[in-house]
Amino acid sequence: MKKIVLAALSLLMAAPAAPLMARKKTYVLEYNFSKGDEQTQRMVVDMTMDMDFMGMQTQTEIRMDMAVDFKVNDVRDTLYDVEVQYRNLKMSANVGGETMMEMDSDKEASGDVAVANALIGALVGHPIDFVFTKSGKAEYVGGFEAIFEEMANAVGTGLDDRSKRAMIDNIGKQFNDESLQQMFRQNAALFPGYPVKVGDSWNVKTEANTSVMPINVNMNMTLTRVKGSVATISGEGVISSPGKKNGILVTKPDAAAANSMPEVKVTGTQKGYVNIDLNTGWIVDGEYLQDFNMVMPGGSSTPQNVRSKITFSSK
């Protein structure tokens with residue numbers, strides 16, 4: 001009887017320790033692909049810009065919807081050969097309640113957006129070769145030359161060479177090797193670089209090169225939950241301009257036109273979450289909310305508030 005009582009006491013004492021031990025389990029967050037792995041990632045950006053220009057209030061709504069296919073062709077130690085290609089691209093802009101632009105790579109367009117629509121259509125279905133590390137760093141990128149040649153052919157003969165190049169450059173800034181690398185870097189930036197357990201926090205700093213300007217994002221991330229093979233990472237932080245002048249954070253909208261374009265001060269916040277597959281490192285789904293202000297100094301300041309909702313999904 002005494003042995004039975006002692007055994008029961010041992011079980012009671014061990015019971016509270018079990019969940020404590022489970023909470024101390026550590027997880028390694030990194031890419032862990034196998035040859036033949038495939039995934040389609042979709043990113044939707046809904047942006048609203050409010051501008052006050054000389055007392056006149058205007059609101060612009062921009063939506064970008066893109067799906068990208070990833071296929072792991074080979075695994076070499078800690079390097080991954082990944083074939084990437086755009087599956088489809090959609091863009092639209094609404095100013096003051098009126099639709100100003102609507103493009104879809106899956107459809108033909110006419111009128112003013114016909115050429116631009118043909119350009120984004122030329123981006124779809126062409127393989128781009130990447131070599132990535134477990135941390136998401138791109139060691140090699142190739143294949144964009146063929147895409148830009150296809151874009152030049154898509155423009156046709158309706159425009160002069162200078163106009164063609166300007167339009168190709170404008171589209172190319174938004175959908176180039178840098179934008180695809182950025183997708184990988186933003187995913188990999190979530191990784192702390194060392195094992196973590198639920199409740200642990202770490203800091204990540206990234207630069208997002210938007211079509212308008214680069215912005216710096218400084219976020220504190222926390223592993224908030226692990227359920228099965230899915231880890232939830234939540235974060236919040238600040239958005240700022242990458243440059244400095246007289247102690248004020250500023251940036252240029254376009255480095256190539258830095259001498260002619262006004263400097264911009266950017267301040268704001270970003271918060272959100274992502275769910276990550278612990279087995280592969282792929283993002284399952286997620287959402288970020290951005291809210292920042294831009295001021296373009298000049299004869300009169302032009303404040304502009306930008307609010308963005310960025311959602312991720314995969315299959």
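## Nonpolar core

The largest nonpolar core comprises 57 residues, and those with the most contacts inside it are L29, L190, W202, M221, I233 and Y288. Strand β4 (residues 79–95) supplies the largest share of this core, six residues. Such a core is a set of buried Ala, Val, Leu, Ile, Met, Phe, Trp, Tyr and Cys residues joined through side-chain atoms within 4.5 Å. Buried denotes under 20% relative accessible area, exposed over 50%, and partly exposed the range in between (1.4 Å probe, protein chains only).

Residues up to four places away in sequence aside, I233 touches L29, L190, W202, M221, T222, L223, T224, G272, Y273, V274 and I276; contact means heavy atoms within 4.5 Å.

## Basis of the model

The model is predicted: local features need pLDDT of at least 70 and side-chain atom pairs count only at pLDDT 80 or more, while totals for chains, interfaces and linings use all residues. Residues are numbered from 1 along each chain as its sequence is written, and side-chain values use heavy atoms, with hydrogens and water left out.

## Overall organisation

The chain contains six helices and 16 strands, taken as DSSP runs numbered from the N terminus (helices H or I, at least four residues; strands E, at least two). Of its 315 residues, 38% are buried. Among contacts between residues at least 6 apart in sequence, 57% join residues at least 24 apart.

## Surroundings of K205

K205 lies in strand β9 (residues 201–209) and is exposed, its relative accessible area being 65%. Beyond neighbours within four places in sequence, K205 contacts V217 and N218.
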